[in-house]
Amino acid sequence: MSLEGLKQNFITKVASYGSFILLFFPIITPFLFEFFGVLEEQTLLFLLFGILFILGMSMGVAEILNQYALTRFLLAKAFFGDDTQKS
C-alpha cells in the first residue's frame, strides 16, 4: 500500500465516522485534560497529542462498534451505505 492510498483510506474513515467523532468528543475531553495536564505550558504539543488521542480513540471505538448491527445507528451506518467493509 502506498502512502497516498493510506492517506485516502484514513480520510475516508474520518469522513465516514465524523458524526460519531463529534458525539464521542465530549466524553473524551475530560480525560484528555486530565491526562495531558503536564503539557499545560506547551500549547502546540497539547494540541498535537490531543488531536491524535481524540482521533485514535474515536476511530478505534467506532471500528469496534461497526462490527455489531445494533450499534450501526450510533455510527450512522444504518442510513448510509456501508463502504468500510469493502476490502
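Hello everyone, and let me start with a term: buried means under 20% relative accessible area, exposed means over 50%, and partly exposed is whatever falls in between, with a 1.4 Å probe and protein chains only. By that rule L55 is partly exposed, because its relative accessible area is 23%.

Before going on, a word about what you see on the screen. This is a predicted model, so local features need pLDDT of at least 70 and side-chain atom pairs count only at pLDDT 80 or more, while totals for chains, interfaces and linings use all residues. Residues are numbered from 1 along each chain as its sequence is written, and side-chain values use heavy atoms, with hydrogens and water left out.

Now the overall picture. The protein chain has 3 helices and 0 strands, and read from the N terminus the order is α-α-α. Helices here are DSSP runs of H or I with at least four residues, strands are runs of E with at least two, and both are numbered from the N terminus. Of the 87 residues in the protein chain, 29% are buried. The chain exposes about 6500 Å², and carbon and sulfur atoms supply 72% of that; the areas come from the Shrake-Rupley method with a 1.4 Å probe, and for residues only the protein chains shown count as cover.

What share of the contacts with a separation of 6 or more comes from residues 24 or more positions apart? In the protein chain, that share is 59%. By contact I mean heavy atoms within 4.5 Å.

Let's walk along helix 3, which covers residues 43-65. Its 23 residues should span 33 Å at 1.5 Å a residue, and the end C-alpha atoms are 32 Å apart, which agrees. The expected span is 1.5 Å times one less than the number of residues. The buried residues in this helix are F46, G50, I54, S58, M59, A62 and L65.

Back to L55, which also sits in helix 3. Leaving aside neighbours within four places in sequence, L55 is in contact with F10, V14 and I21. The C-alpha atoms of L55 and V14 are 8.1 Å apart, although 41 residues separate the two along the chain.

Not counting residues up to four places away in sequence, E63 touches K13 and Y17. Between the C-alpha atoms of E63 and K13 there are 9.4 Å, and along the chain there are 50 residues.

Setting aside residues up to four places away in sequence, S58 touches F20, I21, F24 and I28.

On to helix 2, residues 18-35, where we find T29. T29 is buried at a relative accessible area of 15%, and its side chain reaches the backbone oxygen of F25 at 2.7 Å.

Next, the aromatic rings. A search of the whole structure finds 5 aromatic pairs. The rings of F33 and F46 have centres 5.7 Å apart and planes at 10 degrees, so they are stacked. To give the cut-offs, rings of Phe, Tyr and Trp (its six-membered ring) pair if their centres lie within 6.5 Å, and planes under 30 degrees apart count as stacked, over 60 as edge-to-face and the rest as tilted. F33 is in helix 2 and F46 in helix 3, 13 residues apart, and the pair links distant parts of the chain. F33 is partly exposed at 48% relative accessibility, whereas F46 is buried at 18%.

A second stacked pair is F35 and F53, with 6.4 Å centre to centre and 15 degrees between the planes. This pair also links distant parts of the chain, with F35 in helix 2 and F53 in helix 3, 18 residues apart. F35 counts as exposed at 59% relative accessibility, and F53 is partly exposed at 25%. Together, F35, F36, F49 and F53 form one aromatic cluster.

Finally, the core. A nonpolar core is a set of buried Ala, Val, Leu, Ile, Met, Phe, Trp, Tyr and Cys residues joined through side-chain atoms within 4.5 Å. In the largest one, which has 13 residues, F20, L32, F36 and F46 touch the most other members. Helix 2 and helix 3 each supply at least two residues of this core. Beyond its neighbours within four places in sequence, L32 is in contact with F46, G50, F53 and I54.

Note on methods
Polar contact = N/O pair within 3.5 Å; in protein donor to acceptor, adjacent residues only side chain to side chain.
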